[in-house]
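Student: I would like to learn how to read the packing of helices and the order of strands from a set of coordinates. Could you take me through one example, feature by feature?

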Amino acid sequence: MQLGMVGLGRMGGNMVRRLMAGGHQCVVFDNNPETIKQFALLGATGSDSLAALVTQLSAPRAVWVMVPAGPITETVVADLGNLLERGDMLIDGGNSFFKDDIRRSEMLAQSGIHYLDVGTSGGVWGADRGYCLMIGGPESAAKHLDPIFRTLAPGRSGIEPSKERAGRAGTAEEGYLYCGPSGAGHFVKMIHNGIEYGLMQAYAEGFDIMKCAAQESLPASQRYNLNLADIAELWRRGSVVSSWLLDLTAMALAENADLSNFTGTVADSGEGRWTIQTALEEAVPAEVLSAALFTRFRSRQEHTFAEKLLSAMRSKFGGHVEPGAKK
């Protein structure tokens, strides 16, 4: 299948690599001409403008936008909306606010353009592991793009479906899911990232408590000089708290046990704030998620070992370079 990709950064570039490895044809555009050349050498069709990208695609066109959420996405979507035609599909795979998706979908629908919001999780590992995809928008357009989603998704990856789902399995077992109408994909991804904040915070605080067990202010009989890297590795096997985030924690601690290569400053990319805002609108208590978000705010003022561990996990799964990070 043919797909246009706008944005060839950490996520967009790896998605193009995975799609081409899966036999799809990719037409690509990026603000950096050298990046376009690199992907052309890999077999993609390079474009020097959005207009050129659109003309190089066959109708009905499908263009995936993978640029930073916010004003940049807004501009690119608007520009493509003026270039695409009735029946074409425009996909935003970034971390946009779901209410913006609803507005954009309504705007593009006036021109007959199908807008899909696709929450994409997988970070810098997605090229090999695949991407968990949460899809919102017109269901007919989502079905048309199924070959793209199926290639990007991780597949079953050795994980058997829940026994209770026997006889009614769907695409969720393959790592992608049509969640509902416009905004639903990014809504689910927003909650996903809010939960991610809470999980990361729980690991960080737990390891911080273990690290501080060696401090001299404690009675000698209660001091423990624990090997945190070994404990992280231990918990990966048979523990109920095992997860990919724990895998990344174990990796970071094995590389540098005191995490001196991280400052402890932890950024937030918006989804955590939107999750709390939505919880307030729905009158749903979200104590853990809100506390995790506020801790990220505090991390920009002082740095604990817990915050360094948050930085390490975020760097491992997303390739994020935190402000002031030591090279």
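Tutor: In this predicted model, let us begin with the pair α9 and α12, which pack at an angle of about 105°, with their axes 8 Å apart. Since angles of 65 to 115 degrees count as roughly perpendicular, α9 is therefore roughly perpendicular to α12.

Student: Which residues of α9 and α12 meet?

Tutor: On the α9 side the residues are F187, M190, I191, N193, G194 and Y197, and they meet E271, G272, W274, T275, T278 and E282 in α12. Sorted by class, this contact of α9 with α12 has 5 nonpolar, 5 polar and 2 charged residues.

Student: At what angle do α9 and α14 pack?

Tutor: Helix α9, which spans residues 184-211, packs with helix α14, residues 305-318, at an angle of about 135°, and their axes are 8 Å apart. The two helices are therefore oblique to each other, and the crossing in which α9 passes α14 is right-handed. In α9 the contact includes M200, Y203, A204 and F207, and in α14 it includes F305, L309, L310 and M313. By class, the contact of α9 with α14 has 10 nonpolar, 1 polar and 5 charged residues.

Student: How do α12 and α13 pack, and is the crossing in which α12 passes α13 left-handed or right-handed?

Tutor: Helix α12 (residues 271-282) and helix α13 (residues 287-298) pack at an angle of about 140°, with their axes 10 Å apart, and that makes α12 oblique to α13. The crossing is left-handed. Here G272, R273, T275 and I276 of α12 meet L289, S290, L293 and F297 of α13, a contact that by class has 4 nonpolar, 3 polar and 1 charged residues.

Student: What is found in the loop between α12 and α13?

Tutor: A283 lies in that loop, and the phi of A283 is near 55°, which is a positive value in a residue other than glycine. A283 is exposed, with a relative accessible area of 67%.

Student: Where is L259, and is L259 buried or exposed?

Tutor: L259 is found in the loop between α11 (244-255) and α12, and the phi of L259, again a positive value in a residue other than glycine, is near 55°. At 0% relative accessibility, however, L259 counts as buried, whereas A283 is exposed.

Student: Let us turn to the sheet. In what order do the strands stand?

Tutor: The general idea is that strands of a sheet pair through backbone hydrogen bonds, either parallel or antiparallel. In this model 8 strands form an open sheet in the order β3-β2-β1-β4-β5-β6-β7-β8, and the pairing is mixed. The edges are taken by β3 (45-46) and β8 (176-180), each of which has a single partner strand, so one side of each is left without a neighbour in the sheet.

Student: Are the residues of β2 and β5 buried or exposed?

Tutor: For β2, 4 of its 5 residues are buried, and the strand is mostly covered. In β5, M89 and I91 point one way while L90 and D92 point the other way, and all of these are buried.

Student: Which helix lies across β5?

Tutor: Helix α5 (residues 98-109) lies across β5 (89-92) and β6 (114-121), and α5 runs at about 150° to β6.

Key:
Residues numbered from 1 in each chain as written. Predicted model: local features only at pLDDT ≥ 70, side-chain atom pairs only at ≥ 80, totals over all residues. Heavy atoms only, no water. Pairing = 2+ DSSP bridges. Contact = heavy atoms within 4.5 Å. Axes fitted to C-alpha atoms, helices over the stretch in contact; angles between N-to-C directions. Parallel < 35°, antiparallel > 145°, perpendicular 65-115°, else oblique. Left-handed = near helix turned anticlockwise from the far one by under 90°. Nonpolar A, V, L, I, M, F, W, Y, C, P; charged D, E, K, R; others polar. Buried < 20%, exposed > 50% of the residue type's maximum accessible area, 1.4 Å probe, protein only.
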